[in-house]
Amino acid sequence: MQSRRRLFLARSVKLAQLAALASVCPGGLFGSAARGQIPTGTTARYPFQLGVASGSPRPAGVVLWTRLIGDPLDPTPVSDGPLQVRWEIAEDAGFRRIVARDVAAALPELAHSVHVDVVGLRPDRWYWYRFMFGDAVSPAGRTRTAPAPDAMPSQLRFAYASCQHWEFGEYGAHRHIAAAEPDLVAFLGDYIYEWGPYRRRHPATASGRDIESFTLQDYRTRYAQYKSDSNLQASHQAAPWIVTWDDHEISNDYGNDRDERRDPDFLTRRAAAYQAFYEHMPIRLGTLPARPDGFAFMRIHDRYDWGRLARFHVLDDRQYRSYHACQPQNRGGSSSVTSACKERVLAERTLLGREQEAWLAQGFASSTARWNILAQQTLMAQGSQIPAHEEGDGRFWTDGWDGYPAARARLFDDIVRHRVSNPLVIGGDVHTFYAADLKRDFFRPASESNPVIATEFCGTSVTSSSRPQSRTDQMLEYNPHIKFGRSDRRGFVMMEMTPQRTYANFQALDDVHDVDTGMTTLARFVVENGKAGIVRAD
Ligand SMILES: [Fe+2]
């Protein structure tokens, strides 16, 4: 077992080094003499069937992504060896003013995915990019850089979304996101679902263990299937994405190194899922502080600044958390618990891990942004499932922040201590539109000594199903700090920020099963600069 783990870690190290090298310095990977020997040829089928993407925008750079593939549902690699892909980025959609072009390595070890970390771009402007392989030219993507650090942009429009179970509907939400031409898209987790089957059927997995993903090949096929959707591709092509993950990129309700089944080999599965996530997302690996164990761990929490207008604190609530409170014997995962579960309220419990908590506090302290956006996975407001009037009352789902109330209190204390400017919490996971006032003491919502610390807007799912509205109505009744809740609609949230105010638009699809579905704004809220709390604007 020991040596198997060492082998596994050694493989991870090599992969992480390869990935880092491939994204920043493809020539160095092969040596300049060998560079011309990397095949640049053709494939029998169009190799850009998963489209293109960009993301992780900085003032001077952005990550460009694609993956060469023959057939999204066929695990056979497009080649046994490395391939050389050409890319270019221009200031115009017609590619007349090209500002950079080069070749990038597509390695079989990384499923012939391509990550180009473009640097030297100008801040606060739009670019167009594309890839070439042999005679094949990819679709062009539109992307942009973040504004300069000292700039105060007059506005930022961004969409955020989460939870896009393939089998529960069509990606009409992404068609509408693309049509809105936002400055960026934040995706807050559950990009894929590792399990099934339901309506639009997942295909059988390579591991043959029903249709759930376990192996690297399984996860790769799952991503390829999702990314074959033209509306999802359009959403990626419209703007750079900022991404984090939740549980379903790996395994339902996992926490840290433990899954629901308490599979002794879960870390191997987790590393495969983390690697597949990297292979399919426009993210930097090489420039993040490297961990020696590569994909065995993967740092995805990060900060993104939009000049002095906004700072995104992008969080990872899965990898470092304390185990779910009061787990049943021999099982992992979450449950609903009352005050009989004493473990839930223990002070030492953490959802982000102590290191990430400290990093977040540092990000609060150093922020000069007007709006501080906590881009994280799930509902932060307390959400008791039964009437709860005082400490010790209530029944809580242990998978979200309610499973970690001491960590939530520490987060609120950090927001207050560092006088964080306009904290806005955005999330997903619960497949419900929620708008909530975040308070230090949820049991005394009306008390004047208990001000609103932050404003929360939780987005519904792109497709994934939810519970009946009657249960959400109950939730609103039992939790008066939650001002709005709709679980009967799918969609996304469109944010419009200016230095003076932010609007949050809850965008709801008419019919998730209709790819051409219409969309309406279900509710619109406004947050004025300096005034935390939920206010309707419609
Ligand atoms: Fe979800």
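Trainee: At the start of α6, to within what distance of the backbone nitrogen of Asn231 does a side-chain oxygen of Asp229 reach?

Mentor: The model is predicted: local features need pLDDT of at least 70, side-chain atom pairs count only at pLDDT 80 or more, and totals for chains, interfaces and linings use all residues. Numbering runs from 1 along each chain as its sequence is written, and side-chain values use heavy atoms, with hydrogens and water left out. Helices (H or I, at least four residues) and strands (E, at least two) are DSSP runs, numbered from the N terminus. The Asp229 oxygen comes to the nitrogen of Asn231, at the start of α6, within 2.8 Å.

Trainee: How many residues of α6 are buried?

Mentor: Buried means under 20% relative accessible area, exposed over 50% and partly exposed in between (1.4 Å probe, protein chains only). Asn231 and Leu232 are among the buried residues of α6, and their cover includes β1, β6, β8, α4, α5 and β11. Over residues 230-238, the buried count is 7 of 9.

Trainee: Is His176 buried or exposed?

Mentor: His176 is found in helix α4 (residues 172-180). Leaving aside residues up to four places away in sequence, it touches (heavy atoms within 4.5 Å) Phe492, Leu509, Thr517, Gly518 and Met519. With a relative accessible area of 16%, His176 is buried.

Trainee: What is the phi of Glu181?

Mentor: Glu181 is in the loop between α4 and β10 and is partly exposed, with a relative accessible area of 47%. It is not a glycine, yet its phi is positive, at about 45°.

Trainee: Is Asp429 buried or exposed?

Mentor: Asp429 sits in the loop between β17 and β18. Its phi is positive, near 70°, although it is not a glycine. Its relative accessible area of 17% makes Asp429 buried.

Trainee: How much space lies in the largest pocket?

Mentor: On a 1 Å grid over the protein atoms alone, a cavity is a set of points where a 1.4 Å probe fits but cannot get out, and a pocket is an open set with protein on both sides within 12 Å along at least five of seven lines; lining residues have an atom within 4 Å of a point. Asp429 is one of the residues nearest the centre of the largest pocket, which has 33 lining residues. Grid points are joined across faces, edges and corners, and a volume is the space filled by probe spheres set on the points. For the largest pocket this comes to about 790 Å³.

Trainee: Which helix gives the most to the lining of the second largest pocket?

Mentor: This pocket holds about 370 Å³. Of its 21 lining residues, Val345, Gln382, Glu391, Pro405 and Phe443 lie nearest the centre. With 5 lining residues, the helix that gives the most is α9.

Conventions: A polar contact is a pair of N or O atoms within 3.5 Å; within protein, one must be able to donate a hydrogen and the other to accept it, and residues adjacent in sequence count only if both atoms are side-chain atoms.
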